[in-house]
Amino acid sequence: MLSQLSRSKAKTNWSALAGVAMWSHLLALACTLLLLPAQALAGAKEKLAALAPSGLVLVMDEKGNELVAQNADKPFVPASVAKIVTAWLAMEVLGADYRFETRFYLDGDRVLYIRGGGDPFLISEELAQLASALVAAIGKQPLSGIVLDASYYPSDIRIPGIEDTDEAYDALNSALAVNFNTIHAVRKGKTVRSAEEQTPITPLAISQFLARGSQGRSRISLTQDPTVGLQYAGELIAAFIERAGGSVKGKISTGAVPEGLEPVYVHRQSRTLSTILAELLLSSNNYIANQVFLEIGGHRLGGPVSLEKSLQVANEMLVRQGLAESIQLEEGSGISRGNRFTARGLAQLLHLFEPHATLLRSGDGALFKTGTFSGVSTLAGYADTSKHGRVRFVIALTSDDGAMRFRLLEAIQSEL
């Protein structure tokens, strides 16, 4: 009896010891599994730091957890990454289906008045549609003149940073401009022809190209004098009216639409705002960006537009989101080095912008926007990672190594 009790007790002790061992093993395994993500994160941080030790890198998961935060509170120059902020502001204030408008008036003497509304996409293809509809509305009888009303924009409007560039698409912003306020032509000696089949050549285009255009094919921006860009818009619209079967016999001048005159035709841009923003975020056209940015203030506070009005609206919206200190704008395209962001501020804005993320350029499992200045390379957006799903990321480097930002993005996607 005693031996049976002893054997039973021994069996119980061995069972207890086995149970303790099993639980110890499970506890050790659990601890190991818990440590793996931390170790993986540490490895990812080390790899990113090795690639760009002085760079700014912030990665956040969908719940807002910071997976990597390197120099995340250090202000940086966003360059064209600032266009994400402009796109968010525009979608909030104007709405995805907003369309820019250009208004046409005709008096009793068949003088055509054109009031510009800041449409950033009055390109040749749009002007062809516009002219056909306009001629259908006013008839083919000759017009005795065209008067251009650009009063929606002050004539002295200037965007900080534009004076430091001669890039074609950094042209002067205007209430009434065509083809992004640029001329695309081919010069051979003293002969100038349009570089685009869809765009007629005009007298002003020829004279401007002879004065400033290089030999061969090139594009020049009309940045020096707002009256030059306005005159070119009038000439090109007149040329499209004639292509549509109309006729312009009088001169092209500037002035105000007479009080009480009602529009005979209102042209609504064929592209919705969301379509324009997708093009903007792909092409990074600074002219389009600031046309959109100026409309934010004009729409909310009334015309004429001004940079101050748009900055007021932008800052009020950023304050409501707690972003006043971390996103500081001077203009809407990123052309100014006076723009200053922090990575945490931009990451928060990316969270707000996420419903519109597909407006960004896509590639290799990421939706992103780049920014490039001399000594500045930035990259921000959303990326699919191997372990943490979709993340928000911000990368800013004080270098001209544009490829490095994409190497950092690849490391984020593969290591996290």
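Tutor: Quick ground rule: two strands pair if DSSP finds at least two bridges between them, and strands (E, at least two residues) and helices (H or I, at least four) are DSSP runs numbered from the N terminus. This is a predicted model, with local features needing pLDDT of at least 70, side-chain atom pairs counting only at pLDDT 80 or more, and totals for chains, interfaces and linings using all residues. Residues are numbered from 1 along each chain as its sequence is written, and side-chain values use heavy atoms, leaving out hydrogens and water.

Student: Okay, what makes β5 and β9 a pair?

Tutor: DSSP asks for at least two bridges, and β5 (residues 145-149) has three with β9, in the parallel sense, so they pair. Leucine 148 sits opposite threonine 254 of β9 there.

Student: Where does that pair belong in the sheet?

Tutor: The open, mixed sheet has five strands, ordered β9-β5-β4-β3-β10.

Student: And what makes β9 and β10 edge strands?

Tutor: β9 (252-254) and β10 (263-268) each pair on one side only.

Student: How do you know which class aspartate 364 gets?

Tutor: Its relative accessibility is 75%, so aspartate 364 counts as exposed. Aspartate 364 has a positive phi too, near 50°, and lies in the loop between β13 (361-363) and β14 (366-373).

How values were computed
Buried < 20%, exposed > 50% of the residue type's maximum accessible area, 1.4 Å probe, protein only.
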